[in-house]
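Good morning, colleagues. Please look at the chain on the screen while I go through its charged pairs and one of its helices.

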Amino acid sequence: MREDYHTYEEIIKENICYEDTVKAQCSDEEMKQVDFMVQLMAETMVSSALTVRIGKKNLPADLVKSRFMKIWYEDIFAVLRAVKKSKAKIKYFRSYYLTSLYYADHTENIKNQQIFKNEYEEMKE
């Protein structure tokens, strides 16, 4: 099981361009958060649980694992920005980060759609 964990940890780090991009652009404090996110994703990947708690829902583990394998550095940066902007005090870091990672791509897509909508509205004027 420990070998599987390390294998997934390396795959995740490769997916997010850990050495080339993330380390170069993150502060020491942000790197602690990134390492925590990598750890959470690797733990999820080797878990035998059938569901993973995301937000207030128990989602199929295979779905969560699939999303985590698609995360790349932009998603990591999106989570870091969200944590930095959050006004609320985070009590349950594990839950917060798991949920943020799961929805990171979705959140970026919504943000990009809003930017596109705003630019489109400006073009119509």
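I shall take the salt bridges and then a helix.

This is a predicted model, in which local features need pLDDT of at least 70 and side-chain atom pairs count only at pLDDT 80 or more, while totals for chains, interfaces and linings use all residues. Residues are numbered from 1 along each chain as its sequence is written, and side-chain values use heavy atoms, with hydrogens and water left out.

The whole structure holds 2 salt bridges, a salt bridge being a side-chain nitrogen of Lys or Arg within 4 Å of a carboxyl oxygen of Asp or Glu. One joins Lys23 to Glu19, with 3.5 Å between the closest N and O atoms. Both residues belong to helix H2 (residues 18–25) and are 4 residues apart, about one turn of the helix. Helices here are DSSP runs of H or I, at least four residues long, numbered from the N terminus. Glu19 is exposed, at 53% relative accessible area, whereas Lys23 is partly exposed at 41%. Buried means under 20%, exposed over 50%, and partly exposed in between, with a 1.4 Å probe and protein chains only.

Glu43 and Arg94 form a salt bridge at 3.0 Å, N to O. This pair links distant parts of the chain, 51 residues apart: Glu43 lies in helix H3 (residues 28–46) and Arg94 in helix H6 (residues 93–124). Glu43 is partly exposed at 28%, and Arg94 is partly exposed at 43%.

Finally, helix H5: its buried residues include Phe77, Leu80 and Val83.

Methods. Helices (H or I, at least four residues) and strands (E, at least two) are DSSP runs, numbered from the N terminus.
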